[in-house]
Amino acid sequence: MLVNRNVLLRAPLYCLVLAVCLFALIYSTGINPTGQIDAWQTFWGTLLAETYNFYKIIPILTLTFLLWLKTPHPYYLFTRLITPSRSLTYYYRQLLSFMLVVLIAWSLIFGLLTHLLAVNPQNTPFGVILTGTYLLNLTAFLSVLLLLSLRFNRVSAAIIITGLLYLDQWLYMHFNQSILFYHGLITSTLPRGTNLATVLYDVGWCTALIGVCLFLNFLTLRHSRLINF
Amino acid sequence: MTTTLSLTHISKKYHRKPVLTDVSLQANTGDIIGISGTNGSGKTTLLKTILGFTIPDSGQIIVLNHPLSARQHFATNTGFALKDCGPLPNYSGLANLQLMAQLLKMTDMTHLPELLDLVGLTATNTTKVKHYSLGMYQRLCLAMSLVNDPQLVIWDEPENALDEAGLRQLQALLARLAEMGTTTILTSHNPTLLAHHVTRRVHLEAGRLLELPHSPGGHPWLRFGKCSYY
């Protein structure tokens with residue numbers, strides 16, 4: 001089950017933290033300083049701009065996700081997670097429930113913005129597409145993070161993912177190529193708007209990356225018991 | 001008499017340091033195997049390897065006719081009590097047993113109060129485990145390992161923190177398990193327990209397993225009067 005008692009107990013706190021952080025970022029950038037931008041532009045403008053800067057939204061997501069991940073109790077591991085596929089389901093269920101928490105937190109902030117600002121109906125389709133691609137990119141990012149935390153420990157995972165992001169930025173700046181989620185993908189979607197080919201490329205790339213991570217996570221769980229007691 | 005456990009040429013290294021070297025062991029139904037050895041000799045690693053928590057570098061483990069592998073991670077129908085792997089602190093003893101039974105998908109939980117009684121705890125005690133003494137905690141760990149009436153029981157130093165009455169209950173429990181045909185593998189530093197209450201003794205030294213001739217009552221420490229556990 002995606003939502004269990006443990007998720008229900010922790011979700012409100014994580015939702016609140018993520019929502020407050022995002023609202024603080026939007027507030028510090030300025031809510032509609034020129035008087036010309038609507039709720040969609042404010043929301044995605046801030047979120048994407050802050051995503052490209054590694055030191056704000058990405059560390060918050062990295063930290064909260066690594067705290068969200070729970071390693072199973074030995075008894076649970078011994079009695080229930082007896083095969084690699086069950087262990088994989090256990091961890092991906094946590095990943096998806098975290099995505100749900102992020103989605104709820106950001107929906108709350110978007111809801112708040114619609115009360116503060118107007119919503120331009122012309123921007124709605126683009127906003128919806130960006131929501132989809134961003135969530136897919138986020139899933140790919142969290143899959144990589146999950147892989148790193150399973151292969152190494154959580155602190156090492158946080159350090160390595162930061163290094164990978166800077167490497168990715170360097171690749172994008174010098175070779176116009178990106179492996180991880182946002183540089184080549186969301187940035188290429190943005191200028192072209194609802195260009196279907198770009199969106200499909202983005203979706204395809206993220207799906208492939210998620211698939212590769214899924215396979216590597218399965219292999220990791222096949223050859224490790226991920227418990228140290 | 002059937003073979004419950006078969007370890008064949010098990011080796012394990014941690015950071016290039018050998019912990020288990022070419023360990024082979026067979027256990028039959030009703031056996032109580034006592035493993036002795038100095039601190040750091042690899043006793044706990046051996047138990048974790050049998051259970052499936054630690055993956056050996058080489059060798060084969062067959063528990064109840066099921067080889068442990070990448071597909072089958074853990075030993076089936078096995079109960080265990082290891083250090084640092086205990087009950088949930090915010091629940092009572094009985095609640096912990098009930099949770100364990102739920103994990104094992106058991107529907108009949110009527111035997112759980114009796115199980116607590118066997119280890120000297122009471123089902124009516126609603127004290128949370130975090131307020132338990134070390135001895136009570138150890139007793140509960142032993143009870144948790146027996147919730148599903150397993151065919152193989154693995155205990156890591158079960159006598160730890162037990163008082164005299166607790167030790168007597170442990171001995172009675174061992175006898176009862178042997179009577180029921182359950183195979184028990186335990187590590188211990190208690191010479192009396194190893195001398196009188198196991199059917200086979202093995203000794204781990206520098207990762208190697210040595211079978212010791214077992215003669216109940218004939219342990220040298222007892223003969224020389226060096227045992228001060230009781």
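Predicted model: local features only at pLDDT ≥ 70, side-chain atom pairs only at ≥ 80, totals over all residues.

**Cysteines**

I looked up C206(A) and found a relative accessibility of 1%, so by that cut-off C206(A) counts as buried. Which cysteine sulfur is closest to that of C206(A), and how far away is it? The closest one belongs to C213(A), and because the two sulfurs are 11 Å apart, they are too far from each other for a bond.

I then turned to C21(A), which has 23% relative accessibility and therefore counts as partly exposed. Its closest cysteine sulfur is in C15(A), at 12 Å, which is again too far for a bond. For the reasoning I kept in mind that a disulfide requires two cysteine sulfur atoms within 2.5 Å. A search of the whole structure, over all chains, finds zero disulfides.

**Chain A as a whole**

I next asked what secondary structure chain A holds, and the count came to nine helices and zero strands; written along the sequence, the pattern is α-α-α-α-α-α-α-α-α. Of the 229 residues in chain A, 46% are buried. Among the contacts in chain A with a separation of 6 or more, 77% are between residues 24 or more positions apart.

I compared this with the record: the unreviewed UniProt entry carries the annotation "transmembrane region" for residues 12-32, 52-69, 90-114, 126-148, 155-175 and 195-219 of chain A. I checked two of these stretches in the model. Residues 155-175 of chain A are 100% helix and 0% strand, with the end C-alpha atoms 30 Å apart. Residues 52-69 of chain A are 72% helix and 0% strand, and there the end C-alpha atoms lie 24 Å apart.

I also looked up Y134(A), which sits in helix 6 (residues 124-151) of chain A and is buried, at a relative accessible area of 1%. From Y134(A) to G111(A) I count 23 residues in sequence, and the C-alpha to C-alpha distance is 18 Å.

**Where chain A touches chain B**

How much area is buried between chain A and chain B? The value is about 2,100 Å², and carbon and sulfur atoms give 64% of that area. Helix 4 (74-79) and helix 9 (196-222) of chain A each supply at least two residues of the side of chain A that touches chain B. Helix 4 of chain A gives the largest share of that side, namely six residues. In total, 20 residues from chain A and 27 residues from chain B take part in the contact.

I then searched for specific pairs between chain A and chain B, and found zero salt bridges but four residue pairs in polar contact, counting those with both residues at pLDDT 80 or more.

**Helix 1 of chain B**

Last, I looked at helix 1 (residues 43-51) of chain B, where eight of the nine residues are buried, so this helix is largely enclosed by the rest of the structure. The buried residues include K43(B), K48(B), L46(B), L47(B) and I50(B).

Technical notes: Residues numbered from 1 in each chain as written. Chains lettered and ligands numbered in written order. Heavy atoms only, no water. UniProt positions renumbered as here; feature names shortened; annotations may be inferred. Helix = DSSP H or I, 4+ residues; strand = E, 2+ residues; numbered from the N terminus. Buried < 20%, exposed > 50% of the residue type's maximum accessible area, 1.4 Å probe, protein only. Contact = heavy atoms within 4.5 Å. Buried area = accessible area lost by both parts, 1.4 Å probe. Salt bridge = Lys/Arg side-chain N within 4 Å of Asp/Glu carboxyl O. Polar contact = N/O pair within 3.5 Å; in protein donor to acceptor, adjacent residues only side chain to side chain.
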